[in-house]
Amino acid sequence: MKSLLTLFFILFSTYIFGQNNEKPFLMATVTAFHQALVSNDTMLMKDLTDKSLSYGHSNGWVQTRNEVLDDLKSGLLTYQRYDEDSMTLTMNETEKIANVRFVATIEATLRGTANTFHLKVLEVWIRKTKNWVLFARQAVKA
């Protein structure tokens, strides 16, 4: 149900802001993706990620799309909080590739150990047909 509401919000945002202004649509998509991490909504996450996803963590750990989804499904990694601050978005001239940078406070549990991370994050999003999908992500300690 949450997936449907989130997708409705994204589609509604597209309708409100129109096709000529991709930034609000992408910002809503980025936020929806982060909240899908917290709610463990792997169906929405699958829709919002590219098959070739490279998901880099601040400790050097890099995951594929399938590894991210499998670790969330198994409970190996869970997110309790994902807050973005100082988000900036830069698009190429064709509005098909964008980078999103932000500072994040993330509360996550890995193998039963809870941690709070303060990170600087870069995400690369690509436009596929009518949707934006996450292609790459890298985080470093703030």
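In what order do the six strands of the open sheet run? I went through the model and got β2-β1-β6-β5-β4-β3, with mixed pairing.

Ground rules first. This is a predicted model, so I kept to its limits: local features need pLDDT of at least 70, side-chain atom pairs count only at pLDDT 80 or more, and totals for chains, interfaces and linings use all residues. Residues are numbered from 1 along each chain as its sequence is written, and side-chain values use heavy atoms, with hydrogens and water left out.

**Sheet.** I took helices (H or I, at least four residues) and strands (E, at least two) as DSSP runs, numbered from the N terminus. Two strands pair if DSSP finds at least two bridges between them. At the edges I found β2 (62-64) and β3 (77-91), each pairing on one side only. From one strand to the next, the twist averages 20°. I then checked β1 (residues 49-56) against β2: they pair in the antiparallel sense over three bridges. Ser54 stands opposite Thr64 in β2.

**Helices on the sheet.** For contact I used heavy atoms within 4.5 Å. Axes are lines fitted to C-alpha atoms, for helices over the stretch in contact, and angles run from 0 to 180 degrees between N-to-C directions. Helix α2 (residues 22-39) lies across β1, β3, β4 (97-110), β5 (113-128) and β6 (131-141), at about 165° to β3. Helix α4 (residues 65-74) packs on the sheet too, touching β1, β2 and β3, and its direction makes about 90° with that of β2.

Most residues other than glycine have a negative phi, and I looked up two exceptions. Asn40 has a positive phi of about 60° and is found in the loop between α2 and α3 (42-47). Thr129 has one of about 50°, in the loop between β5 and β6. Buried or exposed? By relative accessible area (buried under 20%, exposed over 50%, partly exposed in between; 1.4 Å probe, protein chains only), Thr129 is exposed at 75%, and Asn40 is partly exposed at 34%.

**Pocket.** A pocket here is an open set of points on a 1 Å grid over the protein atoms alone, where a 1.4 Å probe fits, with protein on both sides within 12 Å along at least five of seven lines; lining residues have an atom within 4 Å of a point. Of its 14 lining residues, the closest to the centre are His57, Ser58, Asn59, Leu77 and Phe117. Strands β3, β4, β5 and β6 each give two or more residues to the lining.
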